[in-house]
Amino acid sequence: MELNSIKDAFDRVTKKQKLSCSKFQEVIDQIDQELEQALQKLQSANGLNSQLDYRSVLAELKIKLKGRAPLSQLESTQKEVNIAASKYPKLLEKSFNPDISKAYRNVELNTHTVNEIIASHLYRQGLFEVGDCFVEETEEPESAHAMKLLFQEMFQILDAMKCRNVQPALNWAVANSDKLNESGSDLLLKLHSLQFIEILQKQSRDEALQYARTYLSSFASDHMPEIQKLVICILWTGRLDRSPYAQLLSPTNWDKVAEELTRQFCNIQGQSCESPLTVTIAAGAQGLPPLLKFMNVMTGKKLEWQTMKQLPVPVELDKEFQFHSIFVCPVSKEQSTEDNPSMLMSCGHVLCKQSITKMSKNSTRTFKCPYCPSDIDATNCRQLYF
């Protein structure tokens, strides 16, 4: 959703408000100054012999205050604030259309699948008590309980890492080292590196050197520069924070390794790294505005929207929400569907089935490929699966 216009409008309101407050303060300071001067004149008239006329002082003060004309100075600035503030709610209402039901379609949902996704999301966030309550109320089977045990193990490892205890993570990584190697992850090395630095900081250099020989030497063939950097740190024992390798002490290193462990843990367990519920809501929020705009144009034709087999307008999503290949026929300019799949021709080029059917007159004759001069026989075309 485009928020720049809303931010600009908000900035205009705050700017007008600050100017108004500044003007208010300026007028108040001027009035205060005149009152102070008048008060000093009155206080200076000590004794009965004073010829000071109190009435003339007050009359002079009245004239000066009237000359300041505070109301006329403040009305214009306050009016500008009121105008800007009155426009802002209208822009919010326009940008954040509360009636999203316009884009709703009657879709049959698998209640069990939806409940499973919600329970999984709660367990992914570490909200185990809330997840248990949800599972109990929805009467979900044991599959939800298995999901809980899975993420409980992950959070136990992550909680230990927050306390600078890397041993549970190391135990898990060693047990799954083959799968980590298959995915090309160097998580085990990163965990040993954190442990090495902790030993170097808290214990002797001899123990750190022994740890390097025992656990880091096996990584030397593929990660020699990283191993060399760690071993050199032994020379800076007790003053590593003042060495060229002080970045190894940064807490962000622990955060990055924790994120890598979370990704690899989910990957090995066959789970997506991001919560499906989070991804669905984020993608939906991004795709909703063009659908709402389309429905505003199609007001009164909701039945047509309900019967459409594909989206009537292009909905552009960011790359993180694109999980499948999309093919658009270069002839019809339409996206392939189950009823109109992509077809591989004998020349190696691809068109949608309906385009091939139309160009071949229902497979009764050959036709020229739009990309090359090859003659194409529709009966020899094969469906292409991405």
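The expected span of a helix is taken as 1.5 Å times one less than its number of residues. Helices (H or I, at least four residues) and strands (E, at least two) are DSSP runs, numbered from the N terminus. The model is predicted: local features need pLDDT of at least 70, side-chain atom pairs count only at pLDDT 80 or more, and totals for chains, interfaces and linings use all residues. Residues are numbered from 1 along each chain as its sequence is written, and side-chain values use heavy atoms, with hydrogens and water left out.

Helix α9 covers residues 187-202. Its 16 residues reach 23 Å from first C-alpha to last, close to the 22 Å expected at 1.5 Å a residue. Burial was assigned from relative accessible area: buried means under 20%, exposed over 50%, and partly exposed in between (1.4 Å probe, protein chains only). In α9, 13 of the 16 residues are buried, so the helix is largely enclosed by the rest of the structure. Ser193 belongs to this helix. With 16% relative accessibility, Ser193 counts as buried. Contact means heavy atoms within 4.5 Å. Leaving aside residues up to four places away in sequence, Ser193 touches Leu216 and Leu230.

Helix α9 also packs with helix α11 (residues 220-232). Axes are lines fitted to C-alpha atoms, for helices over the stretch in contact, and angles run from 0 to 180 degrees between N-to-C directions. The angle is about 10°, and the axes are 11 Å apart. Angles under 35 degrees count as roughly parallel, over 145 as roughly antiparallel, 65 to 115 as roughly perpendicular and the rest as oblique. The pair α9 and α11 is therefore roughly parallel. From α9, the contact takes in Leu189, Ser193, Phe196 and Ile197. From α11, His223, Ile227 and Leu230 take part. The residues of this contact divide into five nonpolar, two polar and no charged. In this scheme Ala, Val, Leu, Ile, Met, Phe, Trp, Tyr, Cys and Pro count as nonpolar, Asp, Glu, Lys and Arg as charged, and the others, Gly among them, as polar.

Helix α4 (residues 111-124) and helix α13 (residues 276-297) pack at about 110°, with their axes 8 Å apart. The two helices are therefore roughly perpendicular to each other. Ile117, His121 and Arg124 of α4 make the contact with Pro276, Leu277 and Thr278 of α13. These residues divide into three nonpolar, two polar and one charged.

Cysteines were examined next. A disulfide is a pair of cysteine sulfur atoms within 2.5 Å. A search of the whole structure finds zero. The sulfur of Cys273 has its closest cysteine sulfur in Cys266, 5.7 Å away and too far for a bond. Cys273 is partly exposed, at a relative accessible area of 37%. Cys133 is partly exposed, with a value of 37%.

Glu75 lies in helix α3 (residues 70-95) and is exposed at 54% relative accessibility. Its C-alpha atom is separated by 9.5 Å from that of Ser20, 55 residues apart along the chain. Tyr371 sits in the loop between β3 (367-368) and β4 (375-376). Tyr371 is exposed, with a relative accessible area of 52%. Not counting residues up to four places away in sequence, Tyr371 touches Pro330 and His349. The C-alpha atoms of Tyr371 and His223 are separated by 48 Å, with the two residues 148 apart along the chain.
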